[in-house]
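Reader: I would like a close look at a single part of this model, the open sheet and the helices packed on it, with the criteria behind each term spelled out. Please set that part in the context of the chain as a whole.

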Amino acid sequence: MALVLPPAVPERLAGLAGLGSGEPVWVLHGPGAHDEFVGRDHVVRPFEQVLIEFLRANGYERVAFSSPVTPVYFHDTASHRLARPGAPTAPAPAAGGRTSRFAGPLGNRFVGSERMARQAAGGGGHAGGHDTGPDPARPVEGISDPSRVQVLDALMRQPRPRTAVVLVDVETLLQHLTARRAFAGRVARWTAGQAHRNTCLLLFTRPRLDEVVELIDELRYAPQLVSYLRERPGRRSCAVPLPEVAEVGRLVQVSRLRDGLEVTPWTRLPAVVRAMAARVLSARDWLGELGDLARRSTPLREAGLLSGGAVDDRSAWERLEAMTGLAPVKEHLRTRAASLAADAEVRSRGLGSDEDAVSPHLVFTGNPGTGKTTVAGLVGEVYREMGLLSRGHVVAPAADELIGQYVGQTAALTRARVAEALDGVLLIDEAYRLSEQPGGFGQEAIDTLLSEIELHRDRLVVIVAGYTGPMSRFLAANVGLRSRFPERNVVEFPDFEPDDLHEIVLRRLREHHGLECAPDLVTALRQVVTGLHRTRDEHFGNARAMRELAVEVKDRWAVRTRPAPGAPLAPATAADVPEGYRTHLDRGEVRLEDVLAELDGLTGLEPVKRSVRELVDTLALHRRRRAGDPPVPPHMVFQGSPGTGKTTVARLVGEVLRSMGLLARGHVVETQRADLVAGYVGQTAEKTRAKVREALDGVLFVDEAYSLSTGGPQDFGREAVTELVAQMENLRGRLVVVVAGYPGAMRAFLAANDGLRSRFTKHVDFPDYTVPELRLILVDLAGRRGFTFAEGTLARAVRWLEARRAEEGPAFGNARAVRTLLGDMEARLARRLRDVLDTADDATLSRFTPPDVPPVPS
Amino acid sequence: MSGRKRIYVDEAEWNRLRGEAGRLSELRRDVPRLIDQVREQTRADLDRSFGDLDRRQDAVERDVSALSERNRRFEQETTRRVQDNARQLRRQLEDNTRVLRAETSELLAKQQEAMRRAVAEERRERERHVAALRADVDVLQRDKERAAALEAEYLADAGHLRDAIAALPHERFAPDALGALERRLRTAESAREQGVTGYGLGNAQNLYHEFSDLRVAVLEQDGEWTAARGAAVRALRAVEGLVSQNEVMDLDPTPPGGRPDVDYWSRGALSRLRGEVSALLERVRDEGTAMTTDDFRSVADRTAAEFEERLETVVRQAGTAVYASQLRTNFADLVATALETHHQYDVRESTFEGEDQREAFYAKGSHLDGSEIVIEVEPTGKDGVECAVRVLSYDEGTPSAEERGDRVESIRRSLRDNGIAVGRADEDGRLDPADRDLDLVRRRDPDRRRAS
């Protein structure tokens, strides 16, 4: 039977037409069940009034309501008369207090106590509750539930007049009902065919039918109703969503006429209404917000009503086109949109089949900050403009938000977010995380998501997003996912190019932070973004990284300039480039000869110098022989005692390789075990990767590297080694790893790690310094600090170093021991001169004497 | 299973309601009207009583005027005093009808005091007179002739007094006293006629004085009796008047069905009281009544007061009954409202059993599903002021015992929530189909039902 939808029924209640199926019990569910509605007649009505209009237009002569508070009530006189023929339709005027309907010897006087009369008067209208709606002031009590069931059953089971019984807020009602068995029994009778042509409507505010059914199921007393609803859900329920575009447009008109809301300019209204409709807001809330605007005399145009910031009256397509970069994305979306539009057209002519329908769901792959969320919002709008979605808003939970802590919670969480996203876009960022934990609840989330996609085919678009690699693994792992998200629906978001990044960071500084950028800063930032881009990995934040960079520049500028109130603001300069980014700054041209000269200037280390020169020669030869394909610098092992110049040489090696164009930056990142190894499983690899990223295009110097393998089999050092090897392989040509340590220990270290041994092809031995070399180092160090030695002092110092070496053996610190000695001598000098500090001349103050040398250890 | 549930109204609530009812039904006293009425009704009685008294005193006067010169002055003086007192009494009775009953005793006491004073004065006069005579007698003893004449004169005066006393109701106040004096008088007369001397002048004088004392005493008591009877009549008339004034209850506002009839609401107690008052009044007014002055005083002072107290009780009981009846309809209304609001019954039909407002009140509600429910509010307790509310449900369909119990319990709870303090719902006998038909209830005789 086709049902009439009178003008009072707005578009979002089109599902009411399903009542024509003639089912005796119907569920209406959704956030709209508490809402107001603006029908095509532009009249604002509460839901119950809309239902009356609808039901009466479709042959229901009597419409009764039942709420948790008021067991039975009527909104229209006709229904009331038909249900309570004996009752007067208007309450008798009660002049001078309460009267009694029954006449006694004193007529209709009420002679009871004040309390009695007052309570009696509060007990409902004495004339039989004419048109009394629910009274929120009265407590919810189940005292009259047996009678509620009795009268609802009577209404439902009378063959005439045709009746609709509307149960309001059934969530509350079912939970507090006392006459449970009686109620369940009666509903079972109605569903079993004892309701004639009458209908019972159950109003729930839960957005989804399965949630409604779940609730009834949990209460455990109406199993027949549960199976009735599960049996043919589509024919026994309809959703009551929030207002759609057309109704939002009418809401604006109602507020304009009723509250005097100003709309300027009129031409923009359609765009404004479109944007408004994307918000998840009830008609009642809209009327409130619009009314507030009208009271503040604020035109709708300027209202901060819209979640997406200022209203843009360009179409979604126009805004997409205006976005920086993203050329492949734009092209891809144009194709998808055209395909979807064509598909819709074909299907509207009854051609094509559902199986071959073009899927509207998309996969966005790419690094963070590449505009996926922004584009997802535009996709929602594009789909709305195409008529594929009625609202087009975006709900963007992280994957973790869909996963619960206990069984069943995941499905509920997922369904809740889907419900929020209905008629719009569900954007799941880092979606691959759902499949990262085998056997975890992630799979449950995926399964729920798939069934939800199926359930709400025409009301939900899902976009899954994440890094390219993990996303393709994610999609490949699940057939269901792959069918909903076919390869052609994968949109790759490329990283921003250095020029884009440069533009973004400058715009942030100028527009968001209000800073003037000096030319040297502009240049420096170009070097920084170029360096960041070159060294980026899959975690690179793109636009997000530029926002962070801008914030750090501003912080540094603020500390440096300390702007005074009212004073002119100094521009930001290259000095404001944060420390962490400075490695990307050009250190100027470095000539190989200069670096090698510096190497030669080092005291001693002759075998080392020879070894480096050999390396330079070899690489130069390689470079000459393979034109255009630069040789790969080797990873190296520096073997030697502490203080034998390994770090210094590593830095020079980095400079050498940079000057030869074999490493882009050539900087050295010094690390030790503690920088690479963490306390928990899985953390060590990440910690190691972080250091590797820091050293990218330079040298990773791992001091005392043998300590990574001296722990037991459970030691996380091994994890660091494994990760290091992997990174060396991945970043071939962009990273030189130098492992350093005592010769014996390093030999054992390499012997125990086959993978390592084969990758460290260059071994450099750092011999201990000879005593004369140590003496030279001491003279050199002291000379740089302006000290001289009185006669006999150096001899005493040498004896001290010899004794120390004899005592410490292989642990002797070499140059480090010299620096320690110099520090001690300085302290003794200071102590000695303490009393003559003011009178002594400069020469005395900076001349070491033999007593300044610490006593030789015995 | 029975659907009949008895719900008692809380006792404290009823005590409070009873107090309210008492305040509403005060005894009505339209005093100015009552005084006029009593004056009107007692005037004839007083006229008659005091007229008789006057006539007797006039007759005495006549007899006294026949006395010898020597005694006449004193006797006339006494008679005048008594007559003055009687007139004074009547005037006071008439003037003081304003004071209905409370001061009757005082009034009579004053009158007695006045009489006593008068008689005492007379006695003193007589004693002075006798003392004067005694000097004469001593002289006269020597003059036999004169003494004999004087004796004869005293005896003749005694005879005149005897005649005067005989016209008075002396037997009522001094039974046999006159007979004894008469015998002595006859003896003295016959002795004197036979020439026997020796009875003597002194004896004749004494005899005369005794006759004189008797005459004064009877006159005094006659006046006293007449006044007491008048007071009794007047007090009973006042009660009669009060009864008449309280035949119906004056309520504000006047109930639509008119002012409630006290005799009806007191179930005949007012008629019974009126009958007793009338009977007593008849006895008081009866000329041949054997009632004594004390009897009259008791009637005026005590019996009339008791009647009035009884009248007050009757009127208050009637008022309370009216109030209780009204409350029964009010309770039914509260129950009906609760049934309509919370249980979806429409309560339209109602009646008092046998259409008698003093009896149980019934109201019937019908439910959409055909079920019916009868509210019965029945007077209970020794004075019918308390009530028991019963809710009799006649369920259609096939509600289970549990469901039926739930419904009754929910009704009990909603009544309690609506201000009717109710106790536990107990089983109360079997459900009587006769209670479901309010036409039957309207026609049936409550007394017969109670008897069965």
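Author: What follows starts with conventions, moves to the open sheet and one of its helices, and then turns to other parts.

Residues are numbered from 1 along each chain as its sequence is written, and chains are lettered from A, with ligands numbered from 1, in the order in which they are written. The model is predicted, so that local features need pLDDT of at least 70 and side-chain atom pairs count only at pLDDT 80 or more, while totals for chains, interfaces and linings use all residues.

Chain A has 33 helices and 22 strands, where helices (H or I, at least four residues) and strands (E, at least two) are DSSP runs numbered from the N terminus. Of the 858 residues in chain A, 41% are buried; a residue is buried if 20 or more other C-beta atoms lie within 10 Å of its own, exposed if 12 or fewer, and partly exposed in between, with C-beta atoms placed from the backbone. Among contacts in chain A between residues at least 6 apart in sequence, 77% join residues at least 24 apart, a contact being a pair of residues whose C-beta atoms, placed from the backbone, lie within 7 Å.

The open sheet consists of five strands of chain A in the order 17-18-19-16-20, with parallel pairing; two strands pair if DSSP finds at least two bridges between them. Strand 17 (668-671) and strand 20 (760-766) of chain A stand at the edges with a single partner strand each, so one side of each is left without a neighbour in the sheet. From one strand to the next, the twist averages 20°; axes are lines fitted to C-alpha atoms, for helices over the stretch in contact, and angles run from 0 to 180 degrees between N-to-C directions. Strand 17 of chain A is joined to strand 18 (residues 698-702) of chain A by four bridges, the two running parallel, and A:T671 stands opposite A:V702 in strand 18 of chain A.

Helix 24 (residues 646-659) of chain A packs on this sheet, touching strand 16 (635-640), strand 17, strand 18, strand 19 (735-741) and strand 20 of chain A, and its direction makes about 160° with that of strand 18 of chain A. Helix 26 (residues 683-695) of chain A also packs on the sheet, touching strand 17, strand 18 and strand 19 of chain A, at about 140° to the direction of strand 18 of chain A.

Helix 26 of chain A has 13 residues and reaches 19 Å from its first C-alpha to its last, close to the 18 Å expected at 1.5 Å a residue, the expected span being 1.5 Å times one less than the number of residues. The buried residues of helix 26 of chain A are A:T684, A:K687, A:T688, A:K691, A:V692 and A:A695. They cover an arc of only 140° around the axis, which puts them on the same side of helix 26 of chain A; the arc is that of the directions from the helix axis to the C-beta atoms. An α-helix has 3.6 residues a turn, so residues three or four places apart point the same way. The buried residues of helix 26 of chain A pack against strand 17, helix 25 (673-676), strand 18, helix 27 (717-730) and strand 19 of chain A. Just after helix 26 of chain A, A:D697 takes a positive phi of about 65°.

Elsewhere in chain A, other strands also pair in the parallel sense. Five of the five residues of strand 1 (residues 25-29) of chain A are buried, so this strand is largely enclosed by the rest of the structure. On one side of strand 1 of chain A lie A:V25, A:V27 and A:H29, and on the other A:W26 and A:L28, all buried. Strand 1 of chain A pairs with strand 9 of chain A over five parallel bridges, A:W26 having A:L201 as its bridge partner. Strand 1 of chain A also pairs in the parallel sense with strand 10 (residues 237-239) of chain A, over three bridges, and there the bridge partner of A:H29 is A:A239. Strand 8 (residues 163-167) of chain A is mostly covered as well, with five of its five residues buried. Four bridges join strand 8 of chain A to strand 9 (residues 199-204) of chain A, running parallel, and A:V165 stands opposite A:C200. Strand 4 (residues 62-66) of chain A pairs with strand 8 of chain A in the parallel sense over five bridges, with A:F65 bridged to A:V166.

Terms used:
Contact = placed C-beta atoms within 7 Å.
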